Amino acid sequence: MKCRFLLAAALAASVALPASAIDLEVTHWWTSGGEAAAVAEFAKAFNAGGDNWVDGAIAGSGGVARPIIISRIIGGEPMGATQLNHGRQAEELIEAGLMADLTELAEKEGWKDIVNPISLLDACTVDGKIYCVPVNIHSWQWIWLSHAAYAKAGVDVPTNWDEFTASAPALRKADIVPLAMGQQSWQTSGAFGVLTVALAGPDIWLKVVKDKDVDTVMGPEYTAVFEAFGDARKLSDGANVQDWNQATNLVITGQAGAQIMGDWAQGEFQVAGQKAGVDYTCLPGLGVNKIISTGGDAFYFPVNEDPEITAAQLRMASQLISKEVQVAFNLKKGSLPIRGDVDLSTANDCMKQGLEILAAGNVLPDGNQHLSQDTSTQLEDLMVEFWNDKSITAAEVQKNYAAIIADAD
Ligand code: GAL
């Protein structure tokens, strides 16, 4: 009873400006140029509301940040708010009762009628209660191509994956790395997923990621993808970078022809002053089929006994889903907003393609929405080893991939 009273008091307090600014430490892994520019829009909105955003950025992307975030919450040193991906990453924290229930705010503000696609709010919902506020839609299903690199190589910018692989010799002749790939394991695993959706199709990908069907992993469609991915390994020789945004920078500077990466890469092109369609080309679904996956980010709020902190958490949640903050943040993040009732006329050509694909309903869930973090990490470790050790055959990695899917939870 006490908890509900606290929440009711916090909810009432959350709509008014606070008597005094509340500090909320916010953890996230948005440390690249584009990411920092975007998250600054969240901080600006929170501070304008009379509170104080204490930035808790953790470098190294999700693979480094997530374990730190989760162990702090479990260890009793929670932050005020944290970014995590849409999907299952917080499920154990929620089950342990460590994350604030946002249902009352969500119902008061009609999130069920706002959030599009509704699957993003479903991914925040456990046993009918809502524990996160979705803040964007990021799709992995893109390849980004450098106009400068292709001009130097003297070949047309490819319009699909096959044309890209065929352009590799010309790029090499011009001393350009065909495919930029950093060493963070999620990059390789993510690229493999995008190639699977493009070459084997979304239904086959879902049979493995959602249904955990081992026979499909060993079937002809996946066999062809493992072989194509094995052949692609040589395309990133010479990239020699670690972080995803360093790989994006190889494309921005024309040192690499292309990168398979989620559309957070757009934030980097933007910060570098590059324009879609002028300096770079984006191909959704690798130009094979126009599709987007509804991955991205949501904010969670660890439970806090202090009603003033709880009120500040609710104020933040309300701001993050608001129209003006959704536009300001997503335009800089390169992601799509989680609501369809906003004006994104200033979005660039690539974002507009994403919005059209979303409106057409050609969407896929993100792997995070079906695979546990443990399974995802195992697949990431397997695929980065395959990418870096050309002595591993496609048949070997396929067998090991099937074994992980067989045990997937
Ligand atoms: C993803 C996240 C994106 C992006 C990317 C690289 O997990 O959803 O917002 O920032 O990591 O850091």
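To sort residues by class, Ala, Val, Leu, Ile, Met, Phe, Trp, Tyr, Cys and Pro count as nonpolar, Asp, Glu, Lys and Arg as charged, and the others, Gly among them, as polar. Keep in mind that this is a predicted model, where local features need pLDDT of at least 70, side-chain atom pairs count only at pLDDT 80 or more, and totals for linings use all residues. Residues are numbered from 1 along each chain as its sequence is written, and side-chain values use heavy atoms, with hydrogens and water left out.

So what does the lining of the largest cavity divide into? There are 14 nonpolar, 18 polar and six charged residues. A cavity here is a set of points, on a 1 Å grid over the protein atoms alone, where a 1.4 Å probe fits but cannot get out, and lining residues have an atom within 4 Å of a point. About 700 Å³ of space lies in the largest cavity, a volume being the space filled by probe spheres set on the points. Of its 38 lining residues, those closest to the centre are Trp140, Trp186, Asp366, Asn368 and Glu380. Helix H10 gives the largest share of the lining, seven residues.

Now for the ligand: it sits in this largest cavity, meaning that more than half of its atoms lie within 2 Å of the grid points.

Terms used: On a 1 Å grid over the protein atoms alone, a cavity is a set of points where a 1.4 Å probe fits but cannot get out, and a pocket is an open set with protein on both sides within 12 Å along at least five of seven lines; lining residues have an atom within 4 Å of a point. Helices (H or I, at least four residues) and strands (E, at least two) are DSSP runs, numbered from the N terminus.
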